[in-house]
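Welcome! Take a moment to look over the structure below, and then let us walk through it together.

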Amino acid sequence: MRISFFVSSHGFGHASRACAVMQSLRRQQPDLSLRVYTRTPEWFFRDSVGRLDYRAWQTDIGLVQRSPLREDVPATLAELAAFMPFRPGVVDRLAAEIADQDLVVCDVSPLGLRAAAAAGVESVLIENFTWDWIYRAYMDAHPGLAPFIDYVEAVNRTAGLRIQAEPVCQPVPDAVIAGPIARGLHEGRVAVRERLEIDPETPLVLVSMGGVPAEYPFLGRLPDRDDCVLLLPGAATERRRDGALLMLPERSGFHHPDLVNACDALVCKAGYSTLAEAYQAGVPLAWFPRERFPESPVLDAFIVREMSGIRLRPSDWDDGTWIERLPELLSLGRRPPAVAPGGDQVANLLLQRLHR
């Protein structure tokens, strides 16, 4: 049996969610053939899932980001105008490629839904928000988004099944609700700390801003701390330890959910995959909201209701004042998740449709 995934390349969150579903599918049906269309790097999927057919393809625009916390709507509009409506030649080529697939699964990306409809293949949309809903929040200042909102909304309605993953931004009638979707672990907490050369009793704080490149203007204030070790994945080109500061390259050999599980607290941008991985591990987090991004209030409310954490201001990242909150953050305890893993729920739904 064959499934093709079309995955948004906006950060790593959508790819992480798709990988979690693929992991569960592969556990339950090891001979399943998986293909992925995306511009998220191939290594990200292979490190999480193993063998698959990777095809580099832009499947949506999403939002152009100036930084992890700041989006660029005018640049987004320019890219949307070049991308939508989808050109018939693009749709026809993709439809021919996926005609032998048993199912097409799209994480937010509308292009896969359009291609699946053209190929006559059943499609599934997985989302906690859709791009038409996101764009609508910017309409007052950018009315040029209107035709793209209508187009994406119409394409989304063609999905044969719609699965919404908690925290859901806009509930849709007839959609199936799943719990937060996070990738499974590869190694346990003790093994990961041993490889990091971190004593089991030393408080470890993971600092992560997701899949959008970040700058670290506060690094000079971190090495002299004596109350914890701060772990920054992607902050260096090679592994480097400087006092209390441990920096890793982007491809460090560590599975990111394993790092989340091995830490005692997390400092992060409030994005979907980071939230889901922290929820799965039960670790407290200090999070930076994206104040203009409409998903942020939904994620904020979920963290306040279901997790332990401290809400920071976006400016706290640049000036480093979040560092002063570390003792408070480390005083918060773990809080085990209240619902079953969403990735298994989604995989079960997909397998049911394959075996009908």
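**A pair of strands, their sheet, and a helix**

Let us start with strand β10 (residues 204–208), which pairs in the parallel sense with strand β14 (residues 265–269) over 4 bridges. Two strands count as paired if DSSP finds at least two bridges between them, and strands (E, at least two residues) and helices (H or I, at least four) are DSSP runs, numbered from the N terminus. Within this pairing, V207 has V267 of β14 as its bridge partner.

This is a predicted model: local features need pLDDT of at least 70, and side-chain atom pairs count only at pLDDT 80 or more, while totals for chains, interfaces and linings use all residues. Residues are numbered from 1 along each chain as its sequence is written, and side-chain values use heavy atoms, leaving out hydrogens and water.

Now step back to the sheet. It is open, has 7 strands with mixed pairing, and runs in the order β12-β13-β11-β10-β14-β15-β16. At its edges stand β12 (240–242) and β16 (309–311); each has a single partner strand, so one side of each is left without a neighbour in the sheet.

Next, find helix α3 (residues 73–83), where V73, T76, L77, L80 and F83 are buried (under 20% relative accessible area, with a 1.4 Å probe and protein chains only). Why do they lie on the same side of α3? Because they cover an arc of only 130° around the axis, taken from the directions from the helix axis to the C-beta atoms. On the other side of α3, A78, A81 and A82 are exposed, that is, over 50%. The cover over the buried residues of α3 includes β5 (70–71), α5 (110–119), α6 (131–136) and α7 (146–156), with contact meaning heavy atoms within 4.5 Å.
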